[in-house]
Amino acid sequence: MPQKAKKIQTIFILYWILLAYIIAALIFWFITLNSQNREMSELRKLPFSNTTAYKVQLEKIEDGRQRKIKQYAGEGSAFFLVIMTGAIFVYRAVRKQLKISQEQHNFMMAITHELKTPIAVVKLNLETIQKRNLDKDQQQRLLQNTLHETNRLNTLCNNMLLSSQIEAGGYSTVNEEINFGQLVSNCVEDYVMRYPQRMINKQIEEEVYVKGDPFLLQISVNNLLENAIKYSPKETEVVVRVGKNLSFARLEVEDQGPGIEDEFKKKVFEKFYRLGNEATKRAKGTGLGLYLTKRIIQNHGGNIFIENNTPGGSTFTVQLKIIA
Ligand code: ADP
């Protein structure tokens, strides 16, 4: 656990102790006042015990006592409400801070690894090409691998920069007519080149037009393709479909990977969220891709959801408003 998170947790424990103390003091205060009230009224009753006005006085004193009980209960409840409102407010703020701190820690760990690995691979590959006398085939293989790593770095940097720009409201989007079928087709072609050993089955209707920012939509499609390839076994097929109906353009990316259980189908779109399964542990990632993809699609007035693929794996579906 990072130092900051530990500190927040200690403050959290102290906060609970303090809150328990305040509530205990409040209850103690109520009980004490109440018993004082009872004793006072008993004392006030004494001088009248043998007089004829005994009953009238007794009722008056009893009324006074009841009024005081109501006053204490009212004031106590108001005080209790104020304390609890403040407590809930502080509790939420601290919990949010703790979550952010944990996410930042996970993110920093992932990012450091994600940035260092491709740089190290690229450096090693280029040094090998420079120092050794390699034949053309070996050189090609190393160059292919280098290209793959730089593409990964590029995706990562785009995701990181865009996330912070979109969150800060600093990215101004373009709104132009896009041939969505063509855009997806180009993305798939790029992946076919990058992963020549993978089977990518393209079933794309080319004349599907939407309005939006081509750069952002391309990033979204690339993230879905990247995940389908990354999380499914090498020998399985990835299917990419683009179609349309009267109102929507529809993109489906199907893989035969481990799939995503129902309870996590929403969670995977949260920032930095990564599943704890084996496939995720093996693959590299930061948990930013789907978060960003969802934000982009929603900013385009569309939606994205996950379904189970048959016999196994996931289907990511994107729907965007179509233009006639
Ligand atoms: P990253 O891939 O960098 O970890 P994403 O935001 O793209 O981040 O995905 C979040 C998580 O959702 C991944 O870590 C993985 O656990 C899960 N996931 C995403 N796509 C798939 C998929 N096609 N099949 C199975 N799990 C997936």
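Reader: How many salt bridges does a search of the whole structure find?

Author: The model is a predicted one. A search of the whole structure for salt bridges gives a total of twelve.

Reader: Which residue forms a salt bridge with R241?

Author: R241 lies in strand β4 (residues 237–244), and its partner lies in strand β5 (residues 248–254). The two residues are 13 residues apart and link distant parts of the chain. The closest N and O atoms of the pair are 2.5 Å apart, and a salt bridge requires a nitrogen within 4 Å of a carboxyl oxygen. The partner of R241 is E254.

Reader: Which domains does the domain assignment give, and how far apart do their C-alpha centres lie?

Author: The assignment gives domain 1 (3–104) and domain 2 (176–321). The distance between the C-alpha centres of domain 1 and domain 2 is 56 Å.

Reader: Are α2 and α3 roughly parallel or roughly antiparallel to each other?

Author: Helix α2 (residues 54–131) and helix α3 (residues 136–167) pack with their axes 9 Å apart, at an angle of about 155°. Angles over 145 degrees count as roughly antiparallel. Therefore α2 and α3 are roughly antiparallel.

Reader: How do the residues of the contact of α2 with α3 divide by class?

Author: On the α2 side the contact includes F107, I111 and E114, and on the α3 side it includes Q139, L142 and R152. The division by class is 14 nonpolar, six polar and three charged.

Reader: Is the crossing of α4 and α5 left-handed or right-handed?

Author: Among the residues that meet are F180, L183 and R194 in α4, and P214, L217 and E226 in α5. By class, this contact has eleven nonpolar, two polar and two charged residues. The crossing of α4 and α5 is right-handed.

Reader: Which residue has a positive phi although it is not a glycine?

Author: Most residues other than glycine have a negative phi. The exception here has a phi of about 65° and is found in the loop between β5 and α6 (278–282). The residue is F272.

Reader: Is the peptide bond from T310 to P311 cis or trans?

Author: P311 is found in the loop between β6 (303–308) and β7 (314–321). The bond from T310 to P311 has omega near 5° and is cis.

Terms used:
Residues numbered from 1 in each chain as written. Predicted model: local features only at pLDDT ≥ 70, side-chain atom pairs only at ≥ 80, totals over all residues. Heavy atoms only, no water. Domains from an automatic or database assignment. Left-handed = near helix turned anticlockwise from the far one by under 90°. Helix = DSSP H or I, 4+ residues; strand = E, 2+ residues; numbered from the N terminus. Contact = heavy atoms within 4.5 Å. Nonpolar A, V, L, I, M, F, W, Y, C, P; charged D, E, K, R; others polar. Salt bridge = Lys/Arg side-chain N within 4 Å of Asp/Glu carboxyl O. Axes fitted to C-alpha atoms, helices over the stretch in contact; angles between N-to-C directions. Parallel < 35°, antiparallel > 145°, perpendicular 65-115°, else oblique.
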